[in-house]
Amino acid sequence: MFYAEKRFQGESYLKSSNEYFPVTEKVLEDRYYNTTLKRAVDSFRKEILRNTRTTKSIETGTYWFQNMTAYIDILHDIETALAESFLSELGNEVQSTTQRMAMNIAIVIATIIICPILIYLITRLTSNIQIFALTLKTTLLSLSNEKKRAEELLNQMLPKSIAQRLANRETIEPESFGCVTLFVSEMEGFAELSAGFTALNVVSLLNHVHQIIDSTIEKFDVYAVDTVGGTYLVVSGCPVKNGVLHASEIAAMALDVIDALKTVTVEGKIDKLQLRIGVHTGAVLAGVIGFKKPRYLLFGDTVAIAHQLQMTGQAGKVHISEPTVFMLKIGTAFMIEPRQKVILQGKAKKTFWLKSKTAAPR
């Protein structure tokens, strides 16, 4: 129902847009209607509306991602065309108003001779100037608000330092970070939970959980890199370096996230919602990927190991690696408990449980 509602809402927006700006329909006819892209999107929409469980497939996911990216690019081009049309009409209106003002000024000069109508013409001219000034002020305020909203959206998609550089039209080169700490979490039993709930209930639950996690991580020097379904990826020490504090920031954040989610329950499924959390410290390569919809992503073995720690962890616990333990010994004290070795990248390695934060030095 949620997907159908949003789909109907989107089609209504496109229809309304075409009523005022026919350029919308022209772009769709040229680039979308009667194309393989539209057939692919319609096919996926029908599959989503059937709401049947399908086999996971990287190829299907990639095919869906590529087609939806192309469709979003078309919508972005429509948005650009609408903006250009609006600005063109605004320019014509300004030019028309300017011409009317010039004519009114000429009339004022002429009315010096025609005294009986002088007062009327002056009043008319003053009124037009006030209307134009008010319209111009309103337009400028609207443009300023749109610019602020665009900047806020960019800051939500990218780290603020990266977003500022992109706004200044700087080139963002890939950057290597020698030592950062990654946090990877996933909801325990998320796949089974999704299968038993409607899409609307799953989305509502994810929104609630993400709101809690987002409000928690705001207290720390970290950056949320990516969220996919029930998976959360957070980094500290990148893109803004923070010395040796990245491990303790992630560790304290992980413990706070577990505490914050203790109040979240899912009626009829599990007593309480729990996360499997993996934390690893190491080197990464970071960079901005994409132009139409840029994303700040991390690459390297450190990312893979953090995911493996999460997958080999246990619900409600923070599973950390030996390099992370080493970094934690430098800063704030934490209670750490060894566990049996686990296989990471094909080798048996020591790992630990992060139990709690302690005020006593180690």
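**Notebook: loops, a helix pair and a surface patch**

I looked up Gln345 and found it in the loop between strand 7 (334-344) and strand 8 (347-357). Helices (H or I, at least four residues) and strands (E, at least two) are DSSP runs, numbered from the N terminus. Phi of Gln345 is near 55°, a positive value in a residue other than glycine.

The model is predicted, so I note its limits: local features need pLDDT of at least 70, side-chain atom pairs count only at pLDDT 80 or more, and totals for chains, interfaces and linings use all residues. Residues are numbered from 1 along each chain as its sequence is written, and side-chain values use heavy atoms, without hydrogens and water.

Next I checked Pro239. Pro239 sits in the loop between strand 3 (231-236) and helix 9. The peptide bond from Cys238 to Pro239 is cis, with omega near 0°.

Then I turned to a helix pair. Helix 8 (residues 199-217) packs with helix 9 (residues 246-260) at an angle of about 145°, and their axes are 10 Å apart. Axes are lines fitted to C-alpha atoms, for helices over the stretch in contact, and angles run from 0 to 180 degrees between N-to-C directions. Helix 8 gives Ile212, Ile213, Thr216 and Ile217 to the contact, and helix 9 gives Met253, Asp256, Val257 and Ala260. Contact means heavy atoms within 4.5 Å.

Last, I looked at the surface. Phe86, Leu87, Leu136, Leu140 and Leu143 form a nonpolar patch with about 450 Å² of accessible area together. Nonpolar side chains (Val, Leu, Ile, Met, Phe, Trp, Tyr) are joined within 5 Å, like charges within 9 Å. Areas come from the Shrake-Rupley method with a 1.4 Å probe, and for residues only the protein chains shown count as cover. Leu87 belongs to helix 4. Helix 5 gives the largest share, three residues.

Conventions
Patch = residues over 30% accessible without salt bridge, like charges linked within 9 Å, V, L, I, M, F, W, Y side chains within 5 Å. Salt bridge = Lys/Arg side-chain N within 4 Å of Asp/Glu carboxyl O.
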